[in-house]
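Dear colleague,

Please find below the structure that I am handing over to you, together with its sequence.

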Amino acid sequence: MSLTSASAAAPLFAAVDIGGTKIAGALVDKRGSLRDRIQLPTPARESGEAVFAVVRKVLDGLAGSPDWAAVSAVGIGSAGPVDLAHGTVSPVNIPGWRGFPLVAEVAAHPAVAARHLPVHLAGDGVAMAAAEHWRGAARGAANALCLVVSTGVGAGLVLDGAVRPGLSGNAGHLGHITVDLDGEPCPCGSRGCLEGIASGTAIARRALADGWRPAGDDRSARAVAADAEAGDPIALASFDRAAQALAAGIAATAALVDLDRVVIGGGVATAGDLLFAPLARHLDRYAALPYIRGLDVRRAELGTDAGLIGAAALCR
């Protein structure tokens with residue numbers, strides 16, 4: 001696209017999606033379509049400076065596009081918790097970032113600073129909720145819970161027809177509610193957190209602890225899912241436990257805010273019925289009150305693009 005045609009299609013939004021596994025960026029148009037997509041692995045166990053160096057590379061790549069001239073704002077969805085008041089992030093799964101001034105650092109990037117572009121931040125769960133409410137499975141829902149079940153568990157809330165991030169930006173942070181009173185300590189400082197049972201990392205960890213042995217070197221939740229599909233009882237039990245924890249968290253949230261829809265995405269959700277079948281069974285038990293029975297649970301529609309589309313939605 002030429003500079004002239006890019007400007008004619010304005011506005012574009014620069015979107016950055018930061019997680020424990022990958023850092024992605026794209027330019028997004030007003031219809032939510034992505035172009036100039038870039039994705040790099042997150043050096044999650046390295047220093048905060050090393051992690052931001054990858055964010056900088058993503059921004060460098062986006063700024064090198066001829067479409068950059070049409071960008072009117074930068075949106076960031078980051079693993080949380082986040083602090084909207086101070087523009088900082090402290091992702092549980094990126095130890096090098098504690099109170100990291102992400103908004104200020106992105107605003108200082110030469111291509112952003114040169115055009116004085118506003119920078120908007122949200123937690124990844126809130127960004128996913130914004131995306132699915134705009135273009136995905138939460139369209140038209142007045143009250144929805146949107147979950148990302150992946151390396152961690154993030155979530156965002158749609159209440160009264162609008163995404164509600166809360167004062168700090170962490171409303172709906174379902175991954176760190178306690179669902180097991182005597183559960184394992186969590187890196188967040190609590191214990192028995194939903195994320196510690198239902199995330200992809202937790203599914204693989206539990207399967208290994210219970211005696212699962214993968215055929216090859218892959219010890220990820222994806223490998224557990226493959227063996228569960230083949231009928232491995234330990235792999236199936238690990239997914240069942242994750243689904244039970246998710247059901248408890250979803251039912252508690254529905255009881256609190258009276259949901260009419262639940263949308264679930266993320267890498268673990270790609271396991272399909274391995275997750276959704278036991279989830280439906282456990283929700284039957286936990287969502288017992290009449291006003292939360294029969295929750296409308298849907299699979300997310302936007303896949304791995306949700307974080308980027310949601311980051312762009314913050315700029316709209």
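Contact, as the word is used in this message, means heavy atoms within 4.5 Å. Please also keep in mind that what you are looking at is a predicted model.

If its neighbours within four places in sequence are left aside, Asn93 is in contact with Gly20, Ala44, Ala79 and Thr151. Its relative accessible area is 17%, and because the cut-off for buried is under 20%, Asn93 counts as buried. Ala113, by comparison, lies in helix H4, which covers residues 110-113, and at 32% relative accessibility Ala113 counts as partly exposed. Again leaving aside neighbours within four places in sequence, the contacts of Ala113 are with Ala107 and Ala108.

As for the chain as a whole, the protein chain has 11 helices and 12 strands, and its C-alpha trace spans about 55 × 45 × 35 Å along the principal axes. A compact globule of 316 residues would have a radius of gyration near 20 Å, and the 19 Å of the protein chain agrees with this. Buried residues make up 52% of the 316 residues, while the accessible surface comes to about 13,300 Å², of which 53% belongs to carbon and sulfur atoms. Among the contacts in the protein chain with a separation of 6 or more, 63% are accounted for by residues 24 or more positions apart.

The aromatic residues deserve a separate paragraph. A pair of aromatic rings is described by the distance of the centres and the angle of the planes. The count comes to 2 aromatic pairs. Phe52 and Phe100 form a tilted pair, with 5.7 Å from centre to centre and 40° between the planes. Since Phe52 lies in helix H2 (residues 48-63) and Phe100 in the loop between strand S6 (88-89) and helix H3 (102-107), this pair ties together parts that are 48 residues apart in sequence. Trp97 and Phe100, for their part, have ring centres 4.7 Å apart and planes at 10°, so this pair is stacked. Phe52 and Phe100 are both buried, Phe100 with a relative accessible area of 12%, and Trp97 is buried with a relative accessible area of 0%.

A ring also takes part in an arrangement with a charged side chain: the charged end of Arg299 sits over the ring of Phe276, at 4.6 Å from the ring centre.

Finally, there is helix H5, which runs over residues 124-135 and has 12 residues. From its first C-alpha to its last, helix H5 reaches 16 Å, close to the 16 Å expected at 1.5 Å a residue. How many of the residues of H5 are buried? The number is 10 of the 12, so H5 is largely enclosed by the rest of the structure. The buried residues of H5 include Gly125, Val126, Met128, Glu132, His133 and Trp134, and the alanines Ala127, Ala129, Ala130 and Ala131 are also among them.

With best regards

Definitions and conventions:
Residues are numbered from 1 along each chain as its sequence is written. This is a predicted model: local features need pLDDT of at least 70, side-chain atom pairs count only at pLDDT 80 or more; totals for chains, interfaces and linings use all residues. Side-chain values use heavy atoms; hydrogens and water are left out. Rings of Phe, Tyr and Trp (its six-membered ring) pair if their centres lie within 6.5 Å; planes under 30 degrees apart count as stacked, over 60 as edge-to-face and the rest as tilted. Helices (H or I, at least four residues) and strands (E, at least two) are DSSP runs, numbered from the N terminus. Buried means under 20% relative accessible area, exposed over 50%, partly exposed in between (1.4 Å probe, protein chains only). A charge sits over a ring if NZ of Lys or CZ of Arg is within 6 Å of the ring centre and within 35 degrees of the ring normal. The expected span of a helix is 1.5 Å times one less than its number of residues. The radius of gyration is taken over C-alpha atoms; the globule rule is 2.2 Å times the number of residues to the power 0.38. Accessible areas come from the Shrake-Rupley method with a 1.4 Å probe; for residues, only the protein chains shown count as cover.
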